[in-house]
Amino acid sequence: MTQHSAISRRVLLGGVGVTFGAAFLPPAASAAGARDPRLVVLVLRGAMDGLAAVAPVGDPAYAELRGPLALTRTGERAGFALDDFFVAHPALQTFSRLFKEKRAAVLHAIATGYRERSHFDGQDVLESGYPGPGRVDSGWLNRAVVQLPPVLGAPARGLGVGATAPLVIRGPAPVLGWAPQGLPDAGAGLAERVLDLYAHRDPTLGAALRSGLETERLAREGGMSNDMTKAKGGMDQPSGMRQAAAGAARLLAAPDGPRVAALAFDGFDTHANEGAAQGQLATRLSGLDGAFEEFERGLGEHWKDTIVMAVTEFGRTARVNGTNGTDHGTAAAAFLAGGAVAGGRVIADWPGLAQNRLYQGRDLFPTTDLRAALKGLLADHLGIAHVALAEKVFPDSDAAAPVKGLVAG
Amino acid sequence: MSFLPNEPGPLLHLQNVLGMPLWQPAGPNGFADTADVWASPEAMKLRLDVSWQMAQRFREVGHPLGVLDTITGLAASRETRDAMDHAESRQQALALLFMSPEFQRR
């Protein structure tokens, strides 16, 4: 059951009201001292390049494979050193600080069980939690919410951010829907694809659209954009990602609000002009980093009991392609951030990037099943029973034993 | 394929955004269909944003190319088919369908 409709603005305002109202309740009204965990899942759509987001600069094959996209320890393309092997992308400033504070961790060389290269099917597998594509009736996070105890007497519910809740949070458990209001920009990625289509098929529409986009850009640079009526950007723009995270954090912080949320960020399909320290990927990663910052700020006292996890449907090729980008690959990286993370570590059974170590001779080899990490997280962070995880949340995942030790305390 | 929400409000809003409020053309000759009005830069930019908004509201899309076949049949161009096939999400594929020449000029 998804309660998603035009009421979403009211839901948010209601959430804010609850937050303010709670300030006037006596402290005894909340269960003092009890752990009250929050979990946020960020779905990074388009297959985020794990080798660029968390770069294995210590791997002898890395620099040559990545050529102009390779990050370094020092210089113009330097990332944030995480340990003596990995650097985080320079756009991940907040994440790197949290990592240093041991409130963030990376899971690397990680993948779902999906081994083809279709975004559509890969996202279905990632979000549904089923071993293969074709099951889109519910998502694993929603089935996990079903297992949660009631919150202040009401059944636990999830939060889905966006015009439509991401599949991962859809299903039998009740879900609140919320989206920034107004008509956000469609995003540069879609615009480029439409312009490319028009270049081949319909120059008249192409010229008109190009001109319309140009006018919009000029208006924005001139400060004429009407922020009063518009959401602050699409889900592939840093401003839009931040806005969505800030809104979700506000709802998650409310005493009777949801404890579990899902958001989806777009634009990670970097086939061309991926960039190194700056560029397409850097823009998206800075939005992701901004989302981490907004969650830390917005969750306030609850941040210490929070884990924000960012996952993607698959990784990208180890080698750079002919258009300074990367193509669909296999293993990727996943991010964990929040006060409840046993952080300060890049967790990986590193397969190496030597030619004979690559999956099908082209991709980072998957050595950790994403479902194993998710099962460990749901068990240790939300207290979900192992039998429910194996039977309801991630069916047919017996081979993926829960990863232990991801949660602090 | 289900379309959410069930209420007409959001749809009416999008029609207003596109400058074609329901039953309220600017004059008795209806909404203009000349290229300079229908395919003006501002209209195209708005239509792009609206296409993305609409695409995000569809759930359980199935394979987007199936939707393309249903709507355009054999009239779909190879370029549109390829662009949708390479989209980074189902929603982006649907938005590309809405913006495709076949759909726009149908």
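**View 1. The two domains of chain A in this predicted model.** The centres of domain 1 of chain A and domain 2 of chain A, taken over C-alpha atoms, are separated by 29 Å. Domain 1 is built from two stretches, 37-184 and 234-393. Domain 2 covers 186-229. At the contact between them, six residues of domain 1 of chain A meet five residues of domain 2 of chain A. The side of domain 1 that touches domain 2 has no nonpolar residues. Four residues on that side are polar and two are charged.

**View 2. Helices H4 and H10 of chain A.** H4(A) takes in residues 93-100, and H10(A) takes in residues 280-299. Their axes come within 7 Å. The crossing angle is roughly 55°. With that angle, H4(A) is oblique to H10(A). Gln93(A), Thr94(A), Phe95(A) and Leu98(A) make the contact from H4(A). From H10(A) come Asp289(A), Phe292(A) and Glu293(A). By class, this contact has three nonpolar, two polar and two charged residues.

**View 3. Helices H11 and H12 of chain A.** H11(A) runs over residues 370-382 and H12(A) over residues 386-393. The two axes come within 10 Å and cross at roughly 135°. H11(A) and H12(A) are therefore oblique to each other. Their crossing is right-handed. On the H11(A) side, the contact residues are Lys375(A), Leu378(A) and Ala379(A). They meet His386(A), Leu389(A) and Val393(A) in H12(A). Four residues of the contact are nonpolar, one is polar and one is charged.

**View 4. A three-stranded open sheet in chain A.** The strand order is S3-S5-S4. Pairing in the sheet is antiparallel. Strand S3 (54-55) and strand S4 (80-81) of chain A stand at the edges. Each of these edge strands has a single partner strand, so one side of each is left without a neighbour in the sheet. Strand S5 of chain A spans residues 87-88. S4(A) and S5(A) run antiparallel and are joined by two bridges. Phe80(A) has Ala88(A) in S5(A) as its bridge partner.

**View 5. Chain B and its elements.** Seven helices and two strands make up the secondary structure of chain B. From the N terminus on, the order of elements is β-α-α-α-β-α-α-α-α. The C-alpha trace of chain B spans about 40 × 30 × 20 Å along its principal axes.

**View 6. The side of chain B that touches chain A.** Here 37 residues of chain B are in contact with 35 residues of chain A. Five helices of chain B each supply at least two residues of this side: H1 (9-17), H3 (41-57), H5 (78-85), H6 (90-99) and H7 (101-104). H3(B) gives the most, with eleven residues. By class, the side of chain B that touches chain A has 15 nonpolar, twelve polar and ten charged residues.

**View 7. Helix H7 of chain A against helix H6 of chain B.** The crossing of H7(A) and H6(B) is right-handed. H7(A) makes the contact through Leu190(A), Arg193(A), Val194(A) and Leu197(A). H6(B) makes the contact through Gln92(B), Ala95(B), Leu96(B) and Met99(B). Six residues of this contact are nonpolar, one is polar and one is charged.

Conventions:
Residues numbered from 1 in each chain as written. Chains lettered and ligands numbered in written order. Predicted model: local features only at pLDDT ≥ 70, side-chain atom pairs only at ≥ 80, totals over all residues. Domains from an automatic or database assignment. Contact = placed C-beta atoms within 7 Å. Nonpolar A, V, L, I, M, F, W, Y, C, P; charged D, E, K, R; others polar. Axes fitted to C-alpha atoms, helices over the stretch in contact; angles between N-to-C directions. Helix = DSSP H or I, 4+ residues; strand = E, 2+ residues; numbered from the N terminus. Parallel < 35°, antiparallel > 145°, perpendicular 65-115°, else oblique. Left-handed = near helix turned anticlockwise from the far one by under 90°. Pairing = 2+ DSSP bridges.
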